[in-house]
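This report looks at how parts of the fold are packed together. Please have the structure below at hand while reading.

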Amino acid sequence: MEIMIEFPDGSRKAYPKNSTVMDIAESISHGLAKEIVTASINEKLVDLDHQIKEDAKIKLFKFDSPEGKNVYWHSSAHLMAQAVKQLFPEVKVAIGPAIENGFYYDFDKEVPFTDADLEKIEQRMKELAKQDEKYIRHSISKAEAIQKFEKMDENYKVELLQDMSADEEISFYTQGDFVDLCRGPHLPTTSKIKAIKLLKTSGAYWRGDEKNKMLQRIYGITFPSKKMLKKYLHDLEEAKKRDHRKIGKELDIYSISDEIGPGLVLWHPNGALMRSIIEDYWKKRHFKEGYELVATPHIGKAELWKTSGHLGFYDESMYSSIDVDEKKYYLKPMNCPFHIAIYQSQKRSYRELPIKYAEMGTVYRYEKSGALHGLMRVRGFTQDDAHIICTPEQLDEEIEKTLLFSLDMLKAFGFEKFEIFLSTMPEKAVGERDDWEKASRSLEKALQKNQIDFELDEGGGAFYGPKIDIKIKDALNRSWQCSTIQFDFNLPARFGMEYIGEDNNSHRPFMVHRALLGSVERFFGTLIEYHAGNFPLWLCPVQVKVLPISDQYLDHAKKINASLLANEIRSKVDLKNEKIGYKIREAEMMKIPYMFIVGQKEVEAKTVSVRKHQQGDLGSFGLEEMIARIKKQIENKV
RNA sequence: GCUGGGAUAGCUCAGAUGGUAGAGCAACUGAUUCGUAAUCAGUAGGUCGGAGGUUCGAAUCCUCUUUCCAGCACCA
């Protein structure tokens with residue numbers, strides 16, 4: 001008997017009935033058979049020894065696919081659990097999935113794992129991998145499974161089983177002496193795992209709930225080749241070098257001081273200068289897009305935050321109240337209520353809409369101590385906030401404009417790759433279903449019309465409205481949250497916002513809350529990590545450093561500096577009594593884009609020797625020519 | 001907030017088993033006046049995160065506390 005197998009390219013081929021996935025891979029090429037990790041039969045992932053009983057569509061996955069990685073790392077998690085059980089028999093296993101980069105496994109162990117334990121476990125894993133144990137699948141009933149794992153005293157597995165429905169097929173996998181409840185699929189044998197590295201341990205709550213017991217988690221990663229592991233570890237090192245906290249200190253951009261308070265940022269002159277450049281550009285662009293600038297206070301009365309609902313929803317992450325004249329005031333966690341108050345200071349007509357209020361608004365949120373992280377998570381930060389208040393008819397146009405504005409703005413900062421998410425109505429939500437529909441469609445239309453790829457996060461919206469989030473992708477394939485465009489059905493209703501329509505009746509406007517950069521602090525952190533501190537020229541606090549060969553040419557250097565400054569190029573002279581090599585090294589380390597070196601030769605020829613950061617000597621140029629070139633580059637934001 | 005690990009000069013870090021703190025860089029002074037990633041010499045700089053305790057004696061041991069790091073949880 002034969003069955004027809006269809007491949008992803010649409011081609012079909014007959015195979016004997018009960019051929020395994022491996023047989024099919026082998027029939028294509030031996031090389032493929034060696035590399036294949038998993039496969040899908042009619043879109044369902046299966047083991048490689050899975051026998052195919054009828055006509056089917058097949059897809060073969062190697063490690064380089066997301067499916068392949070997932071299976072590979074999941075099997076690695078089992079291998080790690082096996083090693084742990086052998087070394088620490090008293091430990092109970094919880095869960096161990098594959099994650100974006102590698103895998104983890106949670107264990108219940110009284111004493112946390114030490115670094116030395118990790119090494120032992122890693123070593124044992126390597127030995128076990130070499131033993132070439134097969135991963136074998138077994139199916140049993142739920143009752144049998146519960147009995148089996150109860151006998152093994154694996155109460156976490158039993159708990160997982162109890163939550164499964166009775167008609168679900170229960171499977172477990174064994175490799176050597178290790179048994180684990182698991183849906184699969186898995187690698188054929190442990191020997192496929194060639195390079196192993198356990199990375200870190202940490203506490204993690206059972207089932208991710210902070211009310212539950214804290215278990216011990218071990219993170220690890222594995223690869224089919226040592227080379228791949230080496231590259232991965234190298235990238236980790238690279239990420240460390242780009243850490244915005246490290247570069248922020250080295251380039252003297254900001255600091256956070258214990259005396260002032262955790263999560264409160266001090267912007268040093270370099271950082272403050274860059275912020276003001278960012279803000280100036282931001283304002284210019286917003287005026288062009290028809291936004292009006294507003295400015296609002298840092299605190300507001302309790303009643304306001306009751307009306308807005310913040311005291312109800314976010315009480316725990318608001319700074320506690322300030323009591324004045326027997327009234328309670330709160331530091332603002334958001335700008336919206338103030339913008340709404342400005343809207344409501346007059347009766348509004350449909351003729352005025354859309355109204356777009358923008359503000360670099362500094363807000364304060366009490367973030368839990370463990371959440372704080374450099375500039376990325378802070379307690380006081382500035383949102384590049386704006387509220388678009390419009391009629392239902394204006395919705396589509398305004399959303400599209402905002403989306404394109406946002407992407408265009410981000411590109412000016414050198415960002416090129418984005419990840420875009422559309423999040424729709426969650427289970428708990430306020431507002432009319434119709435409005436949610438209309439708003440979600442509007443967001444989707446804007447994306448589709450402009451052929452922007454996005455991922456749908458069904459049910460992932462905030463309780464008050466659907467949203468589009470834009471994340472930046474960097475060279476190390478990391479993503480950074482930036483823009484957010486969010487509908488708000490909550491606040492317009494709570495504050496009773498209205499406008500008078502053409503029909504002389506009052507209507508509720510739509511309100512869209514949006515931030516393009518997100519928070520200036522986090523955006524800055526992202527800028528640093530993305531560019532590794534090598535900022536685009538137009539943002540650099542010092543664009544040119546003039547380096548005299550010796551003190552004799554100091555006056556000449558100062559003259560050049562003055563012409564640069566006169567041309568609005570940010571420039572400084574190195575006044576140190578040092579050799580040119582020293583001055584260059586220092587300027588290179590400060591990541592200054594251009595170095596102008598001047599000595600006897602340049603004085604005579606009326607030129608400057610130009611050195612570019614990370615590139616080296618570019619040769620001699622006339623000063624005027626260089627000024628024009630740099631001005632152009634600043635202008636074009638290259 | 002939870003689990004674990006840290007905090008020593010402006011920065012990066014060294015200081016087994018308790019005996020009263022050290023290097024490199026930076027800073028300052030002097031010499032040198034130099035051609036594309038560190039010139040030489042000297043000077044100064046620390047109540048070892050803070051508060052208690054144990055001890056004849058604490059950077060080192062104990063308790064509490066502040067804060068940082070990794071992960072978890074959280075993120076309007």
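## The largest nonpolar core

In this predicted model, the largest nonpolar core comprises 82 residues, of which Phe 413, Phe 535 and Phe 596 touch the most other members. The greatest contribution to this core comes from helix H13 (residues 395-411), which supplies seven residues. Because domain 3 (254-296 + 393-531) and domain 4 (542-635) both give residues to the core, it lies between them.

Phe 535, one of the three residues that touch the most other members of that core, has contacts with Leu 251, Ile 253, Met 274, Phe 524, Leu 527, Ile 528 and Cys 540, when its neighbours within four places in sequence are left aside.

## A separate core

Another core, of 38 residues, lies apart from the one described above, and its members include Val 37, Ala 77, Leu 128 and Ala 195.

An open sheet is built from three strands in the order S11-S12-S13, with antiparallel pairing. Strand S11 (136-140) and strand S13 (178-181) form the edges, each pairing on one side only, and neighbouring strands of the sheet are turned against each other by 25 degrees on average, direction ignored.

Strand S12 (residues 170-175) runs antiparallel to S13 and is joined to it by four bridges; within this pairing, Phe 172 has Leu 181 of S13 as its bridge partner. Helix H3 (residues 66-87) packs on the sheet, where it touches S12 and S13, and the direction of this helix makes about 130 degrees with that of S13.

Definitions and conventions: Residues are numbered from 1 along each chain as its sequence is written. Chains are lettered from A and ligands numbered from 1 in the order in which they are written. This is a predicted model: local features need pLDDT of at least 70, side-chain atom pairs count only at pLDDT 80 or more; totals for chains, interfaces and linings use all residues. Side-chain values use heavy atoms; hydrogens and water are left out. Two strands pair if DSSP finds at least two bridges between them. Helices (H or I, at least four residues) and strands (E, at least two) are DSSP runs, numbered from the N terminus. Axes are lines fitted to C-alpha atoms, for helices over the stretch in contact, and angles run from 0 to 180 degrees between N-to-C directions. Contact means heavy atoms within 4.5 Å. A nonpolar core is a set of buried Ala, Val, Leu, Ile, Met, Phe, Trp, Tyr and Cys residues joined through side-chain atoms within 4.5 Å. Buried means under 20% relative accessible area, exposed over 50%, partly exposed in between (1.4 Å probe, protein chains only). Domain bounds come from an automatic or database domain assignment.
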